[in-house]
Amino acid sequence: MRRLLRVMPAVTAALILAAGVATPAALAFAGSARAVVSLERSTETSMPNMPGMDHASSSPTPAKPETDSHEGRPTPDQPGMDHEKSPMPGMDMPGSDHSDGAVSRPRGLLLGGFGALNATVLIAAAVLRRRTRAERDRRRVSRSAHTTNPRHRDLEDQNR
Amino acid sequence: MIAPAPAPAPAPARPDLDDVPDVTPAPVGRNWMTNPVVARVARSRLYPQILQIPVAAVFGLVAYQLLVGPDAAHDNAGTALMWVLWWPVIPIVFVLLGRFWCAVCPFGWLSDTVQRLVGVNRPVPAFLKRYGIWIIDASFLAITWADHVWGIVESPWGSGILLLILTTAVIISGAFFQRRTFCRYLCFLGGLAGNYARTGMVELRADTDICRTCKAKAACFNGTDTVAACPLFTFPRTMDSNANCNLCANCIKSCPNDAIQIRVRKPTSELWFIRNPKIEESFLAMAIMGIVLIQNLTMLGWWNDLLAWIARTTGVTSYALIFSVAFVVAVSLPVGLLAGASLLVARHNLEDTWTNFARFGYALIPLDVAGHIAHNLFHLLAEGKAVIYTVGGLFGADNGGGSTAFVGTGTIRVLQYVLLAAGIAASLYTARRIAHRRYGTASRRTATLRPMVAVIVVLAALNLWMFALPMVHRM
């Protein structure tokens with residue numbers, strides 16, 4: 001185990017260096033070369049709607065049509081590459097109503113409700129704390145009065 | 001007459017050596033409190049408050065951006081900070097520093113503040129003490145399910161609502177209950193942190209020899225006039241796990257005998273010495289494995305082909321329905337595999353199925369951690385620059401058309417495989433250590449270990465296969 005721990009950083013560094021220098025094809029041991037190319041494409045062409053992230057012109061376009069890693073079908077329409085979550089007609093995908101245009105959100109209602117709920121909680125806790133503390137103080141006072149009152153003390157002595 | 005020779009006395013039954021498990025404590029590592037810098041930081045009144053302030057400020061920015069910022073996730077700095085930076089980095093922090101994040105978490109600070117102002121300080125309800133981790137298990141699964149069905153990560157608005165719900169829960173907990181009840185018994189991230197922190201290399205423990213002579217009435221647990229009590233209800237003297245220690249150093253400050261130590265230890269070593277394995281913690285480890293599987297599955301290009309195929313062949317177009325089925329299958333798979341292996345093992349060793357389940361679930365935690373970090377590495381390294389672009393965008397900076405990736409996909413893939421290899425090795429080694437600690441007889445060790453190793457190998461192969469397939473971005 002100790003030897004493994006000693007060797008691990010060196011192996012990791014060597015692999016990273018190899019990955020940085022070598023082409024993705026050289027890393028095909030980690031999966032099919034096709035998969036690596038496809039993953040690379042997904043990384044390089046992501047987030048086209050972010051400012052400055054449109055790689056349409058700079059992304060390496062494969063000379064021949066890319067094929068899917070399992071079935072050999074073309075993948076230019078690989079879902080997710082263009083941030084459209086639902087490429088399938090009729091599929092009710094989450095977030096499929098997201099658009100770059102302004103969407104009206106019930107912000108006032110949400111934040112108002114949040115504020116009101118938490119204000120109620122805080123007020124309720126404050127009242128409860130005050131009541132609990134007052135009760136505790138009252139009990140303490142009555143206990144000390146009980147023990148300092150000579151009549152009570154006499155009664156206690158008799159009980160003993 | 002010769003008296004008959006007495007019959008040889010029956011040999012006394014040899015006690016089974018495995019009836020009593022080995023409970024020797026874990027070896028003690030080097031104490032960092034002997035380092036004056038570490039000791040000064042830990043004892044400083046500024047620690048950890050000084051770190052809470054910038055974290056709370058960033059949290060405020062994230063919440064503001066999520067709720068009133070751009071609607072598109074890829075333009076929203078809150079989404080980038082939360083899901084591209086914080087979420088991928090947080091499991092790495094758990095592994096390196098245990099639950100240190102919980103010491104600087106803005107929710108913890110909020111809970112403390114509410115408590116100071118209006119806190120009633122009621123004791124923790126008994127049902128929370130009893131079922132807290134199950135609630136954490138359920139809430140973790142529910143949040144993951146909700147994320148996929150309602151698109152929380154992809155939607156700043158959804159993420160914002162999630163933050164508000166968590167904030168409300170923290171305020172309620174802080175207002176009515178003692179210390180950090182929410183963090184200890186209800187926070188889903190706390191549950192995850194608790195499990196992952198066991199693999200960490202840093203531990204806070206008390207020197208029990210000194211504690212035996214202590215007359216300070218558990219100041220480390222109850223606090224003093226100037227130092228708060230342990231926020232996670234942990235008594236350092238009996239603590240043998242990182243799961244409920246956030247390294248806030250309150251106990252270090254309040255201990256009059258300097259008995260608290262911060263030690264280094266071998267990664268994952270805590271898992272080799274679990275004395276009281278809990279089924280809910282093992283279940284959480286299995287559930288996390290299932291979550292990693294489903295997260296990977298839904299990021300594969302292949303997933304959308306599957307959805308299209310299901311829609312074509314069955315006419316079912318409800319993503320929620322299809323995902324729910326896939327989710328149940330993915331989470332049930334690791335749980336079912338471990339339960340099956342435990343059932344098999346129970347026939348050959350001395351414990352029942354559920355005890356075996358509880359004991360060996362911990363062996364899967366290193367693979368959990370590795371799979372989780374490997375998955376998040378894709379977000380962090382392939383989408384990481386989105387954080388710089390979106391935050392820079394808030395200040396009017398133009399990113400000049402750069403890629404969102406920090407490193408090439410080849411590097412990411414190699415790192416993912418290195419992590420997975422380390423996780424697999426650590427899981428196998430942990431299973432071996434657990435079996436060897438529990439059983440002294442070779443036959444029981446082998447019979448116990450074989451099915452457990454098979455489970456680890458199956459889950460490892462599944463992870464390796466998924467990481468070999470092309471993934472798509474979620475943002």
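This is a predicted model: local features need pLDDT of at least 70, side-chain atom pairs count only at pLDDT 80 or more; totals for chains, interfaces and linings use all residues.
Q: Why is Lys217(B) called exposed?
A: Lys217(B) has 8 other C-beta atoms within 10 Å. Residues are numbered from 1 along each chain as its sequence is written, while chains are lettered from A and ligands numbered from 1 in the order in which they are written.

Q: What makes the backbone at Lys217(B) worth a remark, and where does this residue lie?
A: Phi of Lys217(B) is near 55°, a positive value in a residue other than glycine. Lys217(B) belongs to the loop between helix 10 (208-211) and helix 11 (219-222) of chain B; helices are DSSP runs (H or I, at least four residues) and strands likewise (E, at least two), numbered from the N terminus.

Q: Is Leu247(B) buried or exposed, and how is that known?
A: Leu247(B) has 25 other C-beta atoms within 10 Å and is therefore buried. Leu247(B) is found in the loop between helix 11 and helix 12 (250-254) of chain B. Its phi is positive, about 55°, although Leu247(B) is not a glycine.

Q: Why does Ser44(B) count as partly exposed?
A: There are 13 other C-beta atoms within 10 Å of Ser44(B), so the residue falls in the intermediate class. Ser44(B) sits in the loop between helix 1 (36-43) and helix 2 (49-68) of chain B. Pro48(B) also lies in the loop between helix 1 and helix 2.

Q: How is the peptide bond from Tyr47(B) to Pro48(B) described, and on what value does this rest?
A: The bond from Tyr47(B) to Pro48(B) is cis, its omega being near 0°.

Q: How do you know that Leu459(B) is buried?
A: Leu459(B) has 25 C-beta neighbours inside 10 Å, and therefore counts as buried. Its place is in helix 21 (residues 442-468) of chain B. Beyond neighbours within four places in sequence, Leu459(B) is in contact with Met289(B), Pro334(B), Leu337(B) and Leu367(B), a contact being a pair of residues whose C-beta atoms, placed from the backbone, lie within 7 Å. Leu459(B) and Gly290(B) are 169 residues apart in sequence, and their C-alpha atoms are 9.6 Å apart.

Q: What makes helix 9 of chain B largely enclosed by the rest of the structure?
A: Nine of the ten residues of helix 9 (residues 188-197) are buried, so this helix is largely enclosed. Among the buried ones are Leu192(B), Asn195(B) and Tyr196(B). The cover over the buried residues of helix 9 includes helix 3 (77-97), helix 6 (126-150), helix 14 and helix 18 of chain B.

Q: Why is helix 14 of chain B called oblique to helix 17 of chain B?
A: Two packed helices are described by the angle between their axes and the distance between the axes. The axes of helix 14 (residues 279-299) and helix 17 (residues 353-361) of chain B come within 8 Å and cross at roughly 60°; axes are lines fitted to C-alpha atoms, for helices over the stretch in contact, and angles run from 0 to 180 degrees between N-to-C directions. Angles under 35 degrees count as roughly parallel, over 145 as roughly antiparallel, 65 to 115 as roughly perpendicular and the rest as oblique. Helix 14 of chain B is therefore oblique to helix 17 of chain B.

Q: Which residues bring helix 14 and helix 17 of chain B together?
A: Ile279(B), Phe283(B) and Met286(B) are among those in helix 14 of chain B that meet residues of helix 17 of chain B, including Trp354(B) and Phe357(B).

Q: Why is helix 18 of chain B called roughly antiparallel to helix 20 of chain B?
A: The axes of helix 18 (residues 365-383) and helix 20 (residues 409-438) of chain B cross at roughly 170° and come within 7 Å. That angle makes helix 18 of chain B roughly antiparallel to helix 20 of chain B. Their contact has 17 nonpolar, six polar and no charged residues.

Terms used. Two residues are in contact if their C-beta atoms, placed from the backbone, lie within 7 Å. A residue is buried if 20 or more other C-beta atoms lie within 10 Å of its own, exposed if 12 or fewer, and partly exposed in between; C-beta atoms are placed from the backbone. Ala, Val, Leu, Ile, Met, Phe, Trp, Tyr, Cys and Pro count as nonpolar, Asp, Glu, Lys and Arg as charged, and the others, Gly among them, as polar.
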